[in-house]
Amino acid sequence: MWIKVNTQDGPNFTIPVPLFLAGTRPVINMLTRINGPEATWYAPMSGDIVHELRRYVSKHGHFTLVEVISSEGDHIKITV
């Protein structure tokens, strides 16, 4: 998975995130600390979500999960 951030007035960067890390316990614990207790609701499903994403990518290839363009011209894209 790739997270790409392009800004008009700041630095542009790309973060590679291995898909298998998305459903691991340390990542879920970090998200819970950041987002609060409501993030724990997703914890039991995270393994299933990652499994389905990997299965989809192996069958159909990579795809854009989220793409946001702000009114100021900032561009954020998450590709799986």
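Okay, before we start, a word on ground rules. What you're looking at is a predicted model, with residues numbered from 1 along each chain as its sequence is written. Local features need pLDDT of at least 70, side-chain atom pairs count only at pLDDT 80 or more, totals for chains, interfaces and linings use all residues, and side-chain values use heavy atoms, with hydrogens and water left out.

So, how confident is the predictor? pLDDT is its confidence in each residue, from 0 to 100. The chain averages 82, and 92% of its residues reach 70 or more. Among the elements, strand 3 has the highest mean, 90, while helix 1 has the lowest, 73. Keep in mind that where pLDDT is low, the predicted coordinates should not be read in detail.

Let's go to the sheet. When I say helix or strand, I mean DSSP runs, numbered from the N terminus: helices are H or I with at least four residues, strands are E with at least two. Two strands pair if DSSP finds at least two bridges between them. Here we've got an open sheet of four strands in the order 2-1-4-3, with antiparallel pairing. Which strands stand at the edges? Strand 2 (13-16) and strand 3 (64-69) do, and each has a single partner strand, so one side of each is left without a neighbour in the sheet. From one strand to the next, the twist averages 5°; the axes behind that are lines fitted to C-alpha atoms, for helices over the stretch in contact, and angles run from 0 to 180 degrees between N-to-C directions.

Now walk across it with me. Strands 1 and 2 run antiparallel and are joined by four bridges, and a hairpin links them through six residues. Lys4 stands opposite Thr14 in strand 2. In strand 4, the bridge partner of Lys4 is Lys77. Strand 1 (residues 2-6) pairs with strand 4 (residues 75-79) over five bridges, in the antiparallel sense. There, Trp2 has Thr79 as its bridge partner in strand 4.

Strand 4 also pairs with strand 3, again antiparallel and over five bridges, and Val66 has Ile78 as its bridge partner in strand 4. Those two strands form a hairpin with five residues between them, and Gly73 in the turn has a positive phi of about 100°.

Stay on strand 4 for a second, where Thr79 lies. Is Thr79 buried or exposed? Its relative accessibility is 17%, so Thr79 counts as buried. The scale is: buried under 20% relative accessible area, exposed over 50%, partly exposed in between, with a 1.4 Å probe and protein chains only. Not counting residues up to four places away in sequence, Thr79 touches Met1, Trp2, Phe63, Thr64 and Leu65, where contact means heavy atoms within 4.5 Å.

On to the inside. In soluble globular proteins, nonpolar side chains tend to be buried together. A nonpolar core is a set of buried Ala, Val, Leu, Ile, Met, Phe, Trp, Tyr and Cys residues joined through side-chain atoms within 4.5 Å. The largest one here has five residues: Leu19, Val50, Leu53, Val57 and Val80. Leaving aside neighbours within four places in sequence, Val80 is in contact with Met1, Leu19, Val57, His62, Phe63 and Leu65.

How many aromatic pairs does the structure hold? One: Tyr56 and Phe63, edge-to-face, at 5.1 Å centre to centre with 85° between the planes. For that, rings of Phe, Tyr and Trp (its six-membered ring) need centres within 6.5 Å; planes under 30 degrees apart count as stacked, over 60 as edge-to-face and the rest as tilted. Tyr56, at 40% relative accessibility, counts as partly exposed, and Phe63 does too, at 22%.

Last stop, helix 1 (residues 25-35), where we find Arg25. Arg25 counts as exposed, because its relative accessibility is 51%. Arg25 and Ser46 are 21 residues apart in sequence and 9.4 Å apart in space, C-alpha to C-alpha. Then there's Gly36, in the loop between helix 1 and helix 2 (43-60), which counts as buried at 18% relative accessibility.

Terms used
pLDDT is the predictor's confidence in each residue, from 0 to 100.
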